Every structure is written in C-alpha cells, then in structure tokens.
Amino acid sequence: MVISSQPTGLDRAGDEGLCGQPFEADRDPASPNRNLTPLTTTVDSEGRLTVGGCRLSELARTYGTPLYVLDEATLRACCRAYRQALETHYPGPSLALYASKANSSVAVTALVAAEGLGLDAVSAGELLTALQGGMPADRIVLHGNNKSRDELALAARRGVTVVLDNWRDIELLTDLAPGLTEPVRLMLRFTPGIECHTHEYIRTGHLDSKFGFDPDQLEAVLKHLAACSWGRLTGLHAHIGSQIFELQPHRDLAGVMADALALARSLGHPVTDLNVGGGLGIRYVASDDPPSIEEWVRAVAEAVAQACRQRDLELPRLLCEPGRSLVASAGVTLYAVGSRKEIPGLRTYLSVDGGMSDNPRPITYQSQYTALLADRPGAEASETVTVAGKHCESGDVLLRDVALPPATSGDVLAVFSTGAYNASMASNYNRIPRPAAVLVHDGLADVVQRREQPEDLLRYDVLPARLSPVS
Ligand code: LLP
C-alpha cells in the first residue's frame, strides 16, 4: 500500500483495527524528523487519511489542488524537541533559530516565535516576513553571501544580528555606520573545512564554498573588526550542509569552532554565541535513517561543551539553525491525479496537477518521496508507476517507479515530508500559479497562503505601447 519503491515502515493503514489510530506503526512522537507522515496522521472510519483532524481529500475538494498542508502539531513538536534537547544536553544557555529558507511565511514564523525559537533569514523578504510574523528582532540573524546595502541597512536599523560573510559586508556596514544610532550586533561566518556526505549542491562546509570567510582570513578579519566602533562581534557561525545523517561532522565542527572562539576572545571580542548551523536530515523514504532531533542536539551539545572545556573557555550560548528537520515532516502536498500513459513493457506514467514548480527537489537533487492515495491508503499497491508533473519538461517527475494501488483520474495523491524547501522554492515555470497552503489543527484548516491566480502572474508584465496590438 505504500508507494515508495523501498521497503517501508508504514503500517497497513486500511486495516479495520487501525481506524482512528496513529498511522505509522513505528512512529516516534519525540522525533518527527524520523517519521514518514505528520504526527497527527490517522485513517478515519471510512478508511481515508486525515492529518490534523482534517480529511485530506476533503481539504483537496475545499481548497483545490495542488495544496500544501501543514500540520501545526508536528511543527510545534519539532520546535519543542529542539528546545528540550538543548535544555537537557547543553549545560549553558541555548537558542534554536529556525532557518526560514525552508518555509518562509508569516504564519509559520508566528508559530515558531510562539514556541520560543529565533530565526535565520537570508534576504529582505525573509526578514520582513519574520518581523511581520512577530519574531522579535533580537532573535533574528541575517545571513547571505551577497547582501545588498538595503538588506544590511534594514537589518541594522531593526536591531537584527548581521552574520558577516565576507569583506564586502564589512565595507558596506562601514559605509552605513554614520547613519546608525546603535552598534550593529555581528556574527562572523567562516568555512570550517569539514566534508560531509550529502548532495553536492547542499554541501557548504568544505573549503570550496561561496559562503563565509576562508579560515586563513579569520585572524585578519577579527583584528580588523576589533578596531570597528560601529559593530560588536558577539558570535561565530559555521554551517556544513543539509540533509546530513552523520553526527561526526558536527562533532568535528565543535572543535574547529572552539578554536575560532578562543582566537576571537583572545583578540578582545566579547563573543558569547556559537552558531553551529543546521543540517540534520529527515526521513523521506523508509530506507532513510537520520538521527533523531535529540540525538543530533546531544551530539552537538556534548561536543561543544567538551571542546570548550578542553580549551578552558567559558561556555558560549549554543545556537543552531535547523530548517528541514523543523518543518519538512509537518508538510503534505495534495495533488489530483489526471492523465495516465501506459507504455507496455516500459513504464506507466500517472500525471498530477502540479510538479516541479511546487516541488523542484526531485528534478534538482533527485530527491525521493513517499506518497499514498488519500482515500485508499490501505489498498494493495499492485502497480508500479511513475508520478509525473504537468510541466513541459521530461524531467518533471515527482516519484519514479513507485508502487501504488491502481489510481484513476480524480484520485487525490498525498506526497509526504514536503514542508521544507517546497513552497519556499516554488516557481511559476510554465506560468503555473503557486499552490495555496493550509495549516491544519484539531479539525480546523486555516489558509495561510492564498492560491495564486493566473491573473496574478500577469501583474508585473508591461507591454510597451509600441508593441500594443493594433485594434
Ligand atoms: N543555516 C544556514 C546558513 C544554511 O545555509 C541552511 C541551509 C540552514 C541553516 C538550514 O539547513 P537545514 O537544517 O534545513 O538542513 N534547497 C535544499 C536545501 C538547501 C539548504 C540551504 N541552507 C534542499 O531542498 O534540499
């Protein structure tokens, strides 16, 4: 019944005994990043899938497809898992910052802020979204390897911490300094030179990376900043990559960062924050086996505490920046099944009404997903199909060679773990409007992002008068 080609841990959801029961047999409530479905997923008395107390096919009917569904309980559980693990395993102060590039919206920010987290933004757009969602400015950091003058000015004016990535950031801030009333809170990002196993496009810790100062430059930049009166360096930052299942690279990172901390303090900087970035992976298909949030935090916290003890350093505040592991497993995307093409002896294509514009991850990183038919999750997965999107591009495939029950036009397909890097990476390729997003909780569904309309896509087109069709 599961449409991953991999063996999966999902239970036989259609079995009568499971009605109203949590869906995945091996679900770990404390570790949503290890589940294939949101925490609140159940099968109702008619054998249909529900999330957040809402029947998925009903949501599709009411709000249309494709539809991003976000489960509030799962998102909150992820936030709490980070907070609790930090409190339990790190002997000093700590703060988890939500990497909002994973899914930036006012509603998600409001939830994350209410759960006591901070936030990492990488553009004026993400920053304004965060402020609008009620995230306190002193819990926000602004990243970016090519921040504009306006972005830096906005961050400085609003009291947001600026993560210095390169000399140009320093030049621009020096230039802006005369207009500033308060010193800017600064963090310094450097490339830690740590390799990890993940897709090459989402690896950032190795030396050949566009992000951060080269470690060879660290001392020079720290000395330069010691003489700058417009800013106060309060933190160091490094991020090694994303969708990482290993713990050792993060343990290694702790030592590299503690060395940098010792250097910065020896040069007189009042550095209190050590930000180890994000990167914890999630389970997209059953064969994925990421550490739990608690295991990851524990490994990081113990390594940082130990590295500081070994160097006789006062414990810094420990910051981390999870994105994917906070929101991915809360998300489900609903599609309507449309056309079907059977190529005898070769492949069966099942096309849905979305694709690479609402989820560019398969075509970009060859990512795999798990999906079910929303109204027949327990039916036998008796055929192998390739689920294709509707874009004019052969590579627009969402799931390749997966087992599904025979699906026909109108069936609702639920693709899981789409809460991160789907809506936030969506495009209008082929002038396809971006989907709506609903937040579900206790049987209520709130639209948190309205569906784009085809007319919206024309809003920024300008037709020069000389090209106007002659009437
Ligand atoms: N901090 C920094 C500085 C980052 O660059 C990132 C992700 C994060 C935190 C959060 O990492 P996470 O916990 O989500 O792994 N579009 C790709 C992922 C790109 C990640 C970019 N940076 C994907 O869909 O897999």
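The model is predicted: local features need pLDDT of at least 70, side-chain atom pairs count only at pLDDT 80 or more, and totals for chains, interfaces and linings use all residues. Residues are numbered from 1 along each chain as its sequence is written, and side-chain values use heavy atoms, with hydrogens and water left out.

**The ligand site**

The ligand is surrounded by 20 residues. A residue counts as near if one of its heavy atoms lies within 4 Å. The closest are Ser242, Glu321, Arg324, Arg361 and Tyr421. The shell divides into six nonpolar, eight polar and six charged residues. Here Ala, Val, Leu, Ile, Met, Phe, Trp, Tyr, Cys and Pro count as nonpolar, Asp, Glu, Lys and Arg as charged, and the others, Gly among them, as polar.

Domain 1 (16-70 + 330-456) and domain 2 (143-322) both give residues to this shell, so the ligand lies between them. The domain bounds come from an automatic or database domain assignment.

| Residue and part | Ligand atom | Distance |
|---|---|---|
| Aspartate 120, side chain | nitrogen | 3.5 Å |
| Serine 242, side chain | oxygen | 2.4 Å |
| Arginine 324, backbone | oxygen | 2.7 Å |

The protein covers 92% of the 590 Å² of accessible area that the ligand has on its own. Accessible areas come from the Shrake-Rupley method with a 1.4 Å probe; for residues, only the protein chains shown count as cover.

**Arginine 283**

Arginine 283 sits in the loop between strand 11 (273-275) and helix 9 (293-310). Helices (H or I, at least four residues) and strands (E, at least two) are DSSP runs, numbered from the N terminus. Arginine 283 is buried, with a relative accessible area of 11%. Buried means under 20% relative accessible area, with a 1.4 Å probe and protein chains only. A polar atom of its side chain lies 3.1 Å from the backbone oxygen of arginine 34. The backbone oxygen of aspartate 288 lies 2.7 Å from a polar atom of the arginine 283 side chain.

**Cores and helix 3**

The largest nonpolar core has 108 residues. Such a core is a set of buried Ala, Val, Leu, Ile, Met, Phe, Trp, Tyr and Cys residues joined through side-chain atoms within 4.5 Å. Helix 9 gives the most to this core, with eleven residues.

Helix 3 (residues 106-114) has buried residues Val108, Thr109, Leu111, Val112 and Ala113. Glycine 116 follows helix 3, and its phi is positive, near 90 degrees.

Definitions and conventions. Polar contact = N/O pair within 3.5 Å; in protein donor to acceptor, adjacent residues only side chain to side chain. Buried < 20%, exposed > 50% of the residue type's maximum accessible area, 1.4 Å probe, protein only.
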